[in-house]
Amino acid sequence: MNEFLCRRCKSGHMVQQATAPDEMESSDTWECDQCGHTVTLPSMLMIISQLVCGIASGLFAAYLFIDKLSVFMTAMQFGRQLTLDQEAAFLILALLFLAGSGFILYQAFAGLALRKAYRETSATSH
Ligand SMILES: [Zn+2]
């Protein structure tokens with residue numbers, strides 16, 4: 001699973017380096033055993049937690065958005081200004097949550113793509 005080949009010299013194997021305690025869960029540092037090329041890849045634990053977090057907050061934001069949008073529409077229909085202001089704030093909050101979860105998911109997929117790029121190198125050179 002953790003077999004990466006060097007992208008620079010195309011023949012060395014990437015060896016996982018000991019990470020500092022505070023970086024242990026966020027990223028893995030790999031070093032080529034032949035040319036010394038180093039790369040920092042987000043750890044699978046980090047990617048999985050980003051995916052779970054992104055999907056969970058995305059679902060929550062989507063639920064909040066749809067729920068508040070219907071209330072917002074009803075309030076607009078009946079011209080209730082006070083409710084409208086309140087719901088508009090919730091709508092903006094839901095949009096922020098959506099943007100946030102989208103960004104987390106983007107980071108997770110970018111990390112996955114980076115790991116995949118290293119793995120594809122190893123697949124093609126064998
Ligand atoms: Zn190398």
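This is a predicted model: local features need pLDDT of at least 70, side-chain atom pairs count only at pLDDT 80 or more; totals for chains, interfaces and linings use all residues.
The chain holds two helices and four strands. Read from the N terminus, the order of elements is β-β-β-β-α-α. Of the 126 residues in the chain, 13% are buried. Contacts were also sorted by sequence separation. Among those between residues at least 6 apart, 52% join residues at least 24 apart.

The largest nonpolar core comprises seven residues. Its members are F4, L5, C6, M14, W30, C32 and L41. Two strands each supply at least two residues of this core: strand 1, spanning 4–5, and strand 3, spanning 27–32. M14 is also a core member. Leaving aside residues up to four places away in sequence, M14 touches F4, L5, C6, W30, E31, C32, V39 and Y118. Five of these partners, F4, L5, C6, W30 and C32, are themselves listed in the core. The contacts of M14 also include E31, V39 and Y118.

The loop between strand 1 and strand 2 contains K10. Strand 2 covers 13–16. K10 is not a glycine, yet its phi is positive, at about 65 degrees. K10 counts as partly exposed because it has 14 C-beta neighbours inside 10 Å. That count falls between the limits for the two other classes, since a buried residue needs 20 or more and an exposed one has 12 or fewer.

Definitions and conventions:
Residues are numbered from 1 along each chain as its sequence is written. A nonpolar core is a set of buried Ala, Val, Leu, Ile, Met, Phe, Trp, Tyr and Cys residues joined through C-beta atoms within 7 Å. Two residues are in contact if their C-beta atoms, placed from the backbone, lie within 7 Å.
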